[in-house]
Amino acid sequence: MRGALYQRTPLMNAYNLAFQTHVYSVLPPSFTRGFKELVTLTFSLSNVTAGSEWLLAIFNQTDRSSNRVDAALWSAFQRLGLSERYESLISSICYEYVEKHIWKTCVGKWDEPMLNTIRDWMANKIVPWMLMPFARGAKNSDDAKSMLQGVGSRLDFHVCKTLADIRTKEIFDIIVDYPDSMNALKDLKECLARVDQRSQLVQILRRANKRRLLHPGADTKDILTQYVSIIRCLRMVDPPGVLLFKSLTESRRSRPDTIRCIVASLVGDGESGDSLVDENEPIQPLQQLQAEDYSDPNWEPEPIDAGPDFRTSKPSDVISTLVSIYDSKELFVKELQVLLAQRLLTITDGNYDRERRNIEILKIRFGEAALQVCEVMLKDMTDSRRTDQHVQAQKTMVLHPTIISKHFWPALQSSTFTMPGQFKEYIRAYFATAFKPDKKLAWLPHLGTVKLDVELDDRTISADVMPLEAAFIELFSSKETWTVAELIAEVGNVDRMMALKAVSTWVNLGVLQEQETDQYKLLNVAEPEDALARIRAPAPTHVEDMPPITSVQQQQAEQMQVFWKYIEGMLTNLGQLSLDRIHGMLKFAPGYDRNIEQLAVFMEAARREELVIAKDGMWKLNK
Amino acid sequence: MSASPGISAFPRSDANLFDWVGTIEGPAGTIYSGLKWKMSIHFPANYPYAPPVIKFDTPCYHPNVDINSGAICLDILQDKWSAVYSVQTILLSLQSLLGEPNNASPLNPDAANLWVRPDDFKSQLLKHYRPISE
């Protein structure tokens with residue numbers, strides 16, 4: 001305080017100026033470093049006296065007005081004008097110290113709220129220290145508070161920023177750890193409220209997703225599980241969902257089977273039994289895109305960093321969010337249909353309760369109208385049974401067909417092989433009794449199963465097999481040796497892979513034996529077991545079980561064939577056209593929903609097939 | 001835009017759907033085979049209660065087609081019009097008209113007279129014909 005008194009006199013001022021000029025000019029460059037170390041040391045002794053002997057030795061402490069051992073040091077700094085000159089250095093030392101502390105205590109510690117712990121630590125450790133350099137002139141505690149306000153809030157910002165940096169860096173692992181990392185997310189939310197680093201968070205999360213999640217080795221189901229966690233976590237950090245929208249949109253369409261996975265988990269189809277959906281979460285209707293209600297007194301504008309295509313979403317359940325990432329729910333319903341068709345066709349015991357239950361659940365989400373088709377599919381199944389009972393009542397048949405309505409089922413892969421011999425008879429007999437004359441039945445021979453007994457000289461083999469397999473074994477009853485080519489010729493339209501697979505089923509059952517390549521012989525008398533083992537070919541695993549239902553992708557390709565008719569039409573009549581024109585014209589075609597990039601890909605494919613020629617951006621038919 | 005071979009039609013632009021362009025190939029086995037004609041189809045506002053206005057853009061030497069204006073004399077495009085006709089049926093009728101002209105009511109009397117002499121007719125046809133430029 002004496003220094004302050006003297007400074008009022010001009011003479012003293014002049015003296016100070018001259019003194020400081022001389023002292024500062026002779027300070028070696030290493031002074032700053034030393035000063036920094038000295039100040040850093042003071043952190044450890046702001047409250048304690050132990051370990052501060054060297055200070056007491058230097059200053060021969062007499063000033064008892066302060067209870068701090070470093071008070072003398074600070075007043076020496078003050079008197080030398082060092083506090084003023086190195087103020088920014090002192091604050092940066094403080095920042096560094098705090099930062100180091102946060103890094104030391106917070107990294108990887110997600111199970112407890114750290115922000116408050118740090119703030120407590122600041123209040124207990126740093127604020128008392130700050131009193132010395134930043135609030136020396138304070139006469140009472142109120143005075144000190146107001147002096148510390150500026151530097152204190154800057155420091156608090158720095159704390160938030162440091163913590164936000166750490167958590168942002170760790171975000172992917174935090175999400176993996178969810179819900180154990182709940183507290184870390186709460187911290188992050190609070191920090192982000194002070195520090196504007198939301199876009200950085202999104203970037204880092206996206207990059208991490210790309211690197212750690214969306215690589216080819218990851219299972220789609222795992223990806224979805226992580227997505228669900230991301231949704232839950234980001235919803236906590238950012239309730240309006242802007243971050244969420246931004247982090248997920250880009251990566252969404254990278255996998256063709258994503259929708260299928262989501263749909264499968266919608267109906268609780270997960271093999272492991274745990275579905276993505278929390279059982280406790282109430283099932284809600286999917287959010288419809290709705291105009292904003294400006295008369296709503298609780299209306300809030302869209303967050304400032306929301307993109308133009310951000311869709312306001314009120315907090316909704318996870319599935320709604322997953323679905324909303326895609327442009328339309330129609331895609332989902334379509335995929336759902338395919339899934340349902342596959343499942344219905346595999347049910348043989350006539351128990352459709354599970355499917356019915358699923359459809360009812362999904363109705364709540366997607367709305368009654370969207371699932372009408374699924375209703376029809378279900379009804380087809382039950383109707384088929386009724387029809388079957390009716391037909392059986394008239395005349396007993398071995399055939400129990402499932403009759404499906406073509407227009408309501410997803411496109412079934414068509415295969416038109418003809419069943420030979422007795423099967424043909426059965427089918428013919430059935431058609432004769434069909435009792436709805438206004439409906440036409442088209443037989444789909446490749447679906448379904450045949451339960452048959454193969455009676456051989458020494459044994460009878462019962463099996464449930466595919467129709468094609470049944471057709472083949474029937475052929476063997478007329479002749480003992482067949483080549484694959486002959487078999488195919490007999491049933492017609494079957495590709496070789498399918499035929500080989502069907503034959504190998506019987507080889508594995510010990511009914512057929514491969515004599516030469518592609519030539520098979522009926523084993524009327526069983527081979528001895530060891531010989532069998534030798535012959536028994538491993539089922540050709542490379543033949544994938546083809547789903548009988550045409551997938552959505554295939555359907556799209558077929559749709560494109562329809563659009564090709566339009567393109568052909570316009571190119572015939574209008575001569576050459578630009579891609580834009582073609583795209584614009586196609587918009588009139590019913591059901592055209594491709595974007596111009598997809599069209600470009602298609603046209604490029606057409607060019608490779610030499611259907612069209614492209615020149616100077618204009619397309620014309622190749623004639 | 002149809003499954004019928006040799007005929008097709010498409011809106012001229014997406015701005016005006018009443019204005020179409022059609023293409024007809026000469027039916028095989030007739031004097032017109034191997035040639036192609038472009039035509040304009042304009043639908044009136046009260047279509048399909050009134051027939052579309054169709055004319056050949058490519059010059060067509062034919063008893064029932066005016067060689068200069070391209071106007072067509074076909075009953076279903078005039079008094080026999082019915083709302084059940086579609087672009088496809090009209091174009092099919094026109095295609096068959098090429099092979100079987102109605103020489104009783106010619107728009108082009110020279111062509112009607114020449115019809116009985118196929119060789120002379122063909123040379124006249126080719127004299128007037130302009131291939132469609134892409």
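## A salt bridge within a helix

Asp165(A) forms a salt bridge with Lys161(A). Here a salt bridge is a side-chain nitrogen of Lys or Arg within 4 Å of a carboxyl oxygen of Asp or Glu. The closest N and O atoms of this pair are 3.8 Å apart. Both residues lie in helix 9 (residues 141-177) of chain A. They sit four residues apart, about one turn of the helix. Over all chains, the structure holds 18 salt bridges.

This is a predicted model: local features need pLDDT of at least 70, side-chain atom pairs count only at pLDDT 80 or more, and totals for chains, interfaces and linings use all residues. Residues are numbered from 1 along each chain as its sequence is written, chains are lettered from A and ligands numbered from 1 in the order in which they are written, and side-chain values use heavy atoms, with hydrogens and water left out.

## The sheet 3-5-4 of chain A

Chain A has an open sheet of three strands in the order 3-5-4, with antiparallel pairing. Strands (E, at least two residues) and helices (H or I, at least four residues) are DSSP runs, numbered from the N terminus. Two strands pair if DSSP finds at least two bridges between them. Strand 3 (481-483) and strand 4 (512-516) of chain A are the edge strands, and each pairs on one side only. Direction ignored, neighbouring strands of this sheet are turned by 30° against each other on average.

Strand 4 of chain A runs antiparallel to strand 5 (residues 519-522) of chain A, and four bridges join them. Glu516(A) stands opposite Gln519(A) in strand 5. Helix 20 (residues 467-476) of chain A lies across strand 3, strand 4 and strand 5 of chain A. This helix runs at about 70° to strand 5 of chain A. Axes are lines fitted to C-alpha atoms, for helices over the stretch in contact, and angles run from 0 to 180 degrees between N-to-C directions.

## The sheet 6-8-7 of chain A

Another open sheet of three strands in chain A has the order 6-8-7, with antiparallel pairing. Strand 6 (577-578) and strand 7 (612-615) of chain A stand at the edges, each with a single partner strand, so one side of each is left without a neighbour in the sheet. Strand 6 and strand 8 (residues 618-621) of chain A pair over two bridges. Ser578(A) has Met618(A) as its bridge partner in strand 8.

Four bridges join strand 7 of chain A to strand 8 of chain A. Ile613(A) stands opposite Lys620(A) in strand 8. Strand 7 and strand 8 form a hairpin with two residues between them. In the turn, Asp616(A) has a positive phi of about 50°. Helix 26 (residues 596-608) of chain A lies across strand 7 and strand 8, at about 115° to strand 7.

## Where chain B meets chain A

In the interface, 15 residues of chain B are in contact (heavy atoms within 4.5 Å) with 14 residues of chain A. The two chains bury about 1200 Å² between them, 60% of it on carbon and sulfur atoms. Buried area is the accessible area (1.4 Å probe) that two parts lose on being put together, summed over both.

Strand 1 (7-11), strand 2 (19-25) and strand 3 (36-42) of chain B each supply at least two residues of the side that touches chain A. The largest share, four residues, comes from strand 1 of chain B. Across the interface, the rule finds zero salt bridges.
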